Amino acid sequence: MEKTKRKHKVLKVIGIILLALILIIAVFLCCFAYTNLNFDKNNLKKTYKAGFEEKQTVLSDGITINYAEGPDNGPALMLIHGQTMCWEDYSTVLPGLSETYHVYAVDCPGHGGSSFDKTKYTCTAAGDELIEFAGSVIGEHYCVSGLSSGGILAAYIAANDSGNVSTAVLEDPPFFSVTPEAMSNTFVWKDGFEIINSYKNQSQETEYVPYYYAHSYMWTQFGNLADVLSQKASENPDKPLCVWYIPHGWTHGTYYMDTFDLDFGMAFYDGTWIDNALQEEILQNIKCPVVYLKAETAYGADGVLYAANTDEESDKVVELIDNCTRIKLKSGHDIHYEKPKEFIDSFNMVKDID
């Protein structure tokens, strides 16, 4: 009898433990799913709550620049997103940055609400547009920062508007790994520009995002998941693809694809966006203090470069800029998205550089 009671107690305890584990797992899955489905939307809500307003201005040549402006809480800061993104990509850091800066986050030509115009899809043309934007809208000395190709644009602006740019934060710019020859064995070439080019040269699929997932260098390594995502994207072509069981950062790259001009990507595929000589000239002409954020350099099992540029190319960037502090981070390419605190801290650091 006593043994039976003890056995019942043990079974009861095991049952309670199992039930608790099931509840913990259920809560975890619910939180995980909610985050993956709402991460970007919730950050954007926080951005608007912090006082940001979306605006537009028309430049002297008729080009429209769409941008978000935050409250005037300090010196001016221009943020320039990476390729396929738009100003909303900075929503992870905009509330924090707006506490000490007067932030202007722009949409580059070919992205978001700014004009789609092929003549502006070069570093020089887009950079000059943003310098005019700074002069007509910001109208004071400013810090400039950009991610990826936006980082190259930020460097161009620092070099060519040196009288007004006080400091610069370059977020993982792909210097010396941005021409077709240099990119041929990189992740961005295989998972981006090659797919854009093949899409532009076919007629069966009319939506790019489903085509991307079906042909993606990355997603096709996950078996039929590529086809599953392609189908989901086809079912809701007007909505960003968010899947509850896939980490939000993994699909974030296509989140703003519906407001991206693929011809901007083609300028990188055909090599017209920039050349090597201009890259060196830009870096040599930067006179303001620079913080250069370099994401971790990694290679796939097939030898493909999973980074914006190699360590050697990164060293060359540091050598060419007169006053440059490099910070290496264990992060993916979109540092402000993955490491928002470290990104915001870099702006405090650049203020202190002599």
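Buried here means under 20% relative accessible area, exposed over 50% and partly exposed in between, with a 1.4 Å probe and protein chains only. This is a predicted model, where local features need pLDDT of at least 70, side-chain atom pairs count only at pLDDT 80 or more, and totals for chains, interfaces and linings use all residues. Residues are numbered from 1 along each chain as its sequence is written, and side-chain values use heavy atoms, with hydrogens and water left out.

Let's start with the cysteines. With a disulfide taken as a pair of cysteine sulfur atoms within 2.5 Å, the count is zero. Two cysteines show why:

| Cysteine | Relative accessibility | Closest cysteine sulfur |
|---|---|---|
| Cys108 | 3%, buried | Cys123, 10 Å, too far for a bond |
| Cys143 | 2%, buried | Cys288, 7.8 Å, too far for a bond |

Now the sheet. Helices (H or I, at least four residues) and strands (E, at least two) are DSSP runs, numbered from the N terminus, and two strands pair if DSSP finds at least two bridges between them. Eight strands make an open sheet with mixed pairing, ordered E1-E2-E4-E3-E5-E6-E7-E8. E1 (53-58) and E8 (324-329) are the edges; each has a single partner strand, so one side of each lacks a neighbour in the sheet. E3 (residues 76-80) and E4 (residues 102-106) run parallel, joined by five bridges, with Leu79 opposite Ala105 in E4.

Two helices lie across strands. Angles run from 0 to 180 degrees between N-to-C directions, using axes fitted to C-alpha atoms, for helices over the stretch in contact (heavy atoms within 4.5 Å). H4 (residues 149-160) lies across E3, E5 and E6, at about 150 degrees to E5.
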